[in-house]
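I opened this model to look up a few local features and to note them in order. The entries follow the sequence and structure below.

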Amino acid sequence: QVQLVESGGGLVQAGGSLRLSCAASGRVFSVGTMGWYRQEPGKQRELVATITRGGITNYEDSVKGRFTISRDNAKNTVYLQMNSLKPEDTAVYYCNAELRLAALSPVSLYWGQGTQVTVSS
């Protein structure tokens with residue numbers, strides 16, 4: 001069974017750093033765009049950053065210059081390096097990825113289980 005497995009969340013003080021990882025496990029034919037989203041209680045899930053297979057990145061304005069998204073195509077893994085964290089970055093962070101499970105299969109969007117990031121002031 002294919003799934004996205006996240007790791008790296010936790011509690012950090014304002015100004016600190018965390019690195020999130022998300023790996024596609026199971027048999028995958030190809031991985032397209034991968035991304036990170038976050039969700040605060042009672043709010044909609046919002047985009048944080050995305051990265052194409054070729055490395056083109058896109059960031060939400062509030063994280064530009066502080067967060068860096070990267071990927072390792074050989075490991076089907078996406079990372080989010082978060083620096084200069086602020087209390088308003090506190091949320092559950094979810095990764096997603098466009099996965100093709102076989103050569104003639106359609107592309108499907110998969111989501112990770114979410115990992116809590118808490119930034120204390």
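I began with D89, which is buried, at a relative accessible area of 1%; buried here means under 20%, exposed over 50% and partly exposed in between, with a 1.4 Å probe and protein chains only. D89 sits in the loop between β8 and β9, where strands (E, at least two residues) are DSSP runs numbered from the N terminus.

Before going on I noted that this is a predicted model, in which local features need pLDDT of at least 70 and side-chain atom pairs count only at pLDDT 80 or more, while totals for chains, interfaces and linings use all residues. Residues are numbered from 1 along each chain as its sequence is written, and side-chain values use heavy atoms, with hydrogens and water left out.

Which side chain does D89 join through a polar contact? I found R66, at 2.8 Å; a polar contact is a pair of N or O atoms within 3.5 Å, of which, within protein, one must be able to donate a hydrogen and the other to accept it, and residues adjacent in sequence count only if both atoms are side-chain atoms. Not counting residues up to four places away in sequence, D89 touches R38, R66, F67, S84, V117 and V119, contact meaning heavy atoms within 4.5 Å.

I then looked for disulfides, counted as cysteine sulfur pairs within 2.5 Å, and found that the structure holds one. This disulfide joins C22 to C95, with S to S at 2.0 Å. C22 belongs to strand β3 and C95 to strand β9, so the pair ties together parts 73 residues apart in sequence. The torsion about the S-S bond is about 50 degrees, so the disulfide is right-handed. C22 is buried at 1% relative accessible area, and C95 is buried at 0%.

Strands β3 (residues 18–25) and β8 (residues 77–82) pair in the antiparallel sense over six bridges, pairing requiring at least two bridges found by DSSP. They belong to an open sheet of four strands, in the order β1-β3-β8-β7, with antiparallel pairing. β1 (3–7) and β7 (67–72) stand at the edges with a single partner strand each, so one side of each is left without a neighbour in the sheet.

Last, I looked up Y93. Leaving aside neighbours within four places in sequence, the contacts of Y93 include E6, W36, R38, F67, L80 and V117.
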